[in-house]
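Hi there,

Here is the structure I promised to pass on to you. My notes on its rings and a couple of backbone angles follow below it.

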Amino acid sequence: MLSSYIQDGLGSARHAWSRLPDSERASDELEGIEFATLGSSGVESLDYEIIENHAYREEQAQRGKLYRCYHIMVKWFFSLLIGIGTGLAAFFINLAVENFSGWKFAATFSIIQHSYLAGFLVYMLFNLALVLSSVYIVTRFAPAAAGSGIPEIKGYLNGVDAPGILLFRTLIGKIFGSIGSVGGGLALGKEGPLVHTGACIASLLGQGGSTKYHIQSRWLHVFQSDRDRRDLVTCGCAAGVAAAFRAPVGGVLFALEEVTSWWRSQLMWRVFFTSAVVAVFVRSAMGWCKNGNCGHFGSGGFIIWDISGGQEDYSFRELLPMAVIGVIGGLLGSLFNQLTLYITRWRRNYLHKKGNQIKVIEVCLVSLITSILSFGLPLLRKCSPCPESEANSGIDCPRPPGTYGNYVNFYCSKDKEYNDLATIFFNTQDDAIRNLFSAKTFHEYSAKSLVTFLVMFYSLAVVTFGTAVPAGQFVPGIMIGSTYGRLVGMFVVNFYKKLNVEEGTYALLGAASFLGGSMRMTVSLCVIMAVGDAFNEGLYEEQARLRGIPLLESRPKYFMRKMTAKEACSSQKVVSLPRVVKVADVVSILRSNKHNGYPVVDYSRGGETIIIGLILRSHLLVLLHSKLDFQHDPLPSDTRGSFGHAASEFVKPVSSKGMSVDEIQLDQVDLDMYIDLAPFLNPSPYIVPEDMSLAKVYNLFRQLGLRHIFVVPRASRVIGLITRKDLLREGNEDSATVELQSNSVRPPQRERNMLGKLEHERPLLDSLLNQG
């Protein structure tokens, strides 16, 4: 009888082997959706699904309540570390930017007392040196540090991993590159890169450091799954916004509304805790710097929308100009997105293909143009006499040379005069925004100066965004919006002379409107969203699409309702593997295609195909590299024994391309051996029927954060139904004692008794049949 079982096993193995697809032919028996093959760009999907293989089940069996409590405590501790690390990085960036800018303005104003030409040369060379250092760091050391990084992080939290976006060198390049680009006076901000910085810090903590640069700690190496790392990166994104604006709630809302695709209440509390830690740390650091310990860095460096001394109420007649601000924000924001899209596409398709030298030359030219305009345009403006200020207002006119604040004396013939255009240009962007938001400063700016600055800065922001330097669009957006908002406020003040209207309040509304019109952040007015969405999508969505990041938006397209899952994958050929596969065939399949997941099938004695699970490409590479599971016989192994691999062995490093099949050394003896894939596959992949609508598949795929979904023919029978009551049972309950309310398709009692009797006597029947 034993020999008959062996013969049956060998026959099944030969039958399975005859149906194994080679490198040029794929099996047509199973249709599937492969969402992870994204071309040659190196972008790869993340494994947010829990793979319940033998390694996972063994680890879960060894973990008790004490470990679960420890795991929860470690998550909160990591949230604390992310907050402290992001706060340190933000403080260092702002400290460096404020001091470099302070030295630059102090030297420029000191030299222009003798020669404006010499002052311009010093100003231009200072900016050029800082910008050159930034572009050199990006092009030579950390290419992934270019741009704001938010589209890439949004793609990561959407389930797409681009190589290099969360590495240690990217973090270093982002920090020092932001110092150079922002300190060099370019029309960009550091708030977007701070979000990327926080995400990098969170990712590095989650994987225990950097193995390449030998900065690693074993006790930090706790979180191995992409799901846990996703939560940490979400905390890092919120920490970056909280560090930029000292707004913990703003950090939580940004993470919820703008970047993340999956949200849980437990994650919300950790995100808020991280943001609060950042805000407390930054406030403490700024309090220490107010005593003169940080050079030029004092109250500046972090944007505070402080208009507490401004307008407290509004009139019904102000609703119309407020709506006008919203329409302007929608129009200018959508135009900004479209222009940056065209220029960035041209830059990527033509300019940047010529090499890094062209990128360096381009950034240097933009820096020279920015310096010429920001220094030359104020020379064309006439100075205005200083207004009479109150004794306790704390505002000096003109302010001392080389210091921050309102009323800059630049190219003025008299001491008690100021240049309103120079007041915007010869400040850091953070301080320029404070000047535009400032209350009790009526008629500080003329309409001509604001229009001049708006046109110039808007154009520079469009051209600068997309260059090879770390570049955020938060601050430029606030600058642009506050400029036209203040213009509308000036009109309201002149038109409604009896109203208590503050121009700074309208500047704040303008800033919110442009952020809404460009980035589609939901903190702005409904009219902004309506006007902007009529033309294009948000800035981050457009940039992500331009970078080849396949974002899944929150809602499926309308045509997907009329399309089935089978129609969506009808043009694909699925490459499947048998349970026991030859090593040579695995290598051939991995080299012949770029799929990241393969269905594993087995065959019954009648030759019927049975899906037993899904195995990832990265897991196959680990098995080939270790060679521990090679066997000489093409027979299934005993999966009930001890498992020779830990779950951590199958984890791919963050933002890394991982192992390649060409890097694995195999001789002919290895190629002639076999692997039983059953212990390593995911035995419970998600499966949908072939006639399910693509819209329903889309929602399932996105909401669960999946990487693969099998599409199979309609099932022939139902073994049970899961209802809400089945999901409410306790872990210590015996499933036999739980009453189910019509949740299974069960035969009548007499048939059940007969089936039980046959099942009890099945070994005897099998023995008789084999003997016969």
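Let me begin with a charge beside a ring: the charged end of Lys 104 lies over the ring of Phe 105, 5.0 Å from its centre. For a charge to sit over a ring, NZ of Lys or CZ of Arg must be within 6 Å of the ring centre and within 35 degrees of the ring normal.

Before the rest, a word on the source. This is a predicted model, in which local features need pLDDT of at least 70 and side-chain atom pairs count only at pLDDT 80 or more, while totals for chains, interfaces and linings use all residues. Residues are numbered from 1 along each chain as its sequence is written, and side-chain values use heavy atoms, with hydrogens and water left out.

Now the aromatic pairs. Searching the whole structure gives 22 of them. Rings of Phe, Tyr and Trp (its six-membered ring) pair if their centres lie within 6.5 Å; planes under 30 degrees apart are stacked, over 60 edge-to-face, and the rest tilted.

Helices (H or I, at least four residues) and strands (E, at least two) are DSSP runs, numbered from the N terminus. Phe 92 is partly exposed, at 37% relative accessible area, and Phe 176 is partly exposed too, at 39%. Here buried means under 20% relative accessible area, exposed over 50%, and partly exposed in between (1.4 Å probe, protein chains only).

Phe 120 and Phe 375 make a tilted pair, because their planes are at 55 degrees, with ring centres 5.3 Å apart. This pair also links distant parts of the chain, with Phe 120 in helix H4 (residues 116-140) and Phe 375 in helix H12 (residues 356-376), 255 residues apart. Phe 120 counts as buried at 17%, and Phe 375 is buried at 2%. Both belong to one aromatic cluster, whose members include Phe 105 and Tyr 411.

Tyr 411 has something else to show: its phi is positive, near 55 degrees. Most residues other than glycine have a negative phi. Tyr 411 is in the loop between strand E6 (384-385) and strand E7 (417-418), and is partly exposed at 46%.

Happy browsing!
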